[in-house]
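Hello,

Here is the structure we talked about. Please open it and follow along with the notes below.

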Amino acid sequence: TGFASNGSSTWYFENGVAATEKTGLYLIGEECVYLTNGQVDTTVTGFYELSGTYYYVKNGRTTDVEDIIYNASAGEWWYVKDGVFQPEEETIAHNANGWFYVKNGVVDFGFTGVSENYNGIFYCENGQVTFSYTGFGQYKEILYYFRGSSVARDVTGVMYSGEKGWIYVKEGVYDPTYTGFASNGSSTWYFENGMVVSKTGLYLLGGECVYLTNGQVDTRETGF
């Protein structure tokens, strides 16, 4: 019982006889193979189901590939790891076309937002990491600043977020605990809980008296 070849084809034998009644995907020993009338069918490539699991078969045999592969019968791009479709996986995975957001094992081209993989946290647009996005994105209740679609870990200081206005960012992450002064290069602002405080007037802040206009240190003010 086992495989044997005549030089051009490989067959599966049971009790010394070719198992010609077998057509389909079979687990034989530790290997999944696609048989047609007992012969390993090297013309077969695609996804095939065995005992509730979908395997990617190439030239009649399963592989240990990790990739995103198009499933023509489903009309979807499937994430495969160790040659097996991963229906519960949510990640960012790679194929020859780039990096893509995967949910339930399938590339979700309708997704725009933040996700992660073993390399870090990334911003996706229409299901793909474009490496061109600059701006903010929220993930698991944390607000990140992205540059080139990756978290800008080298950025610390004042940033304008749109929704929250001027906020304090530390190593690419909005810091809601920050209280104090920070500058964006041209202006200095006073922050409480990571956001500019809309104060106008003279204030004693951190042992220093400063005049603020809408939270910004107003360098135009001089006098008593």
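**Salt bridges in the model**

Glu-14 is partly exposed, at 28% relative accessibility. Keep in mind that this is a predicted model.

Glu-14 has a partner. It forms a salt bridge with Lys-22, and their closest N and O atoms are 3.7 Å apart. Is Lys-22 buried or exposed? Lys-22 is buried, because its relative accessible area is 16%, and the cut-off for buried is under 20%.

That pair is one of several. The structure holds four salt bridges. Why can such pairs form? Side chains of opposite charge can pair when their charged atoms come close.

Next, look at Arg-61 and Glu-31. Their side chains meet in a salt bridge, at 2.6 Å from N to O. This pair links distant parts of the chain. Arg-61 sits in strand E9 (residues 61-62), Glu-31 sits in strand E5 (residues 31-36), and the two are 30 residues apart. Arg-61 is partly exposed at 26% relative accessibility. Glu-31 is partly exposed too, with a relative accessible area of 27%.

Now find Glu-116 and Lys-140. Their side chains also meet in a salt bridge, at 3.1 Å from N to O. Glu-116 is in strand E16 (residues 113-117). Lys-140 is in the loop between strand E18 (134-139) and strand E19 (142-147). The pair therefore ties together parts that are 24 residues apart in sequence. Glu-116 counts as partly exposed, at 29% relative accessibility. Lys-140 counts as exposed, at 60%.

Best wishes

Note on methods
Residues numbered from 1 in each chain as written. Predicted model: local features only at pLDDT ≥ 70, side-chain atom pairs only at ≥ 80, totals over all residues. Heavy atoms only, no water. Buried < 20%, exposed > 50% of the residue type's maximum accessible area, 1.4 Å probe, protein only. Helix = DSSP H or I, 4+ residues; strand = E, 2+ residues; numbered from the N terminus.
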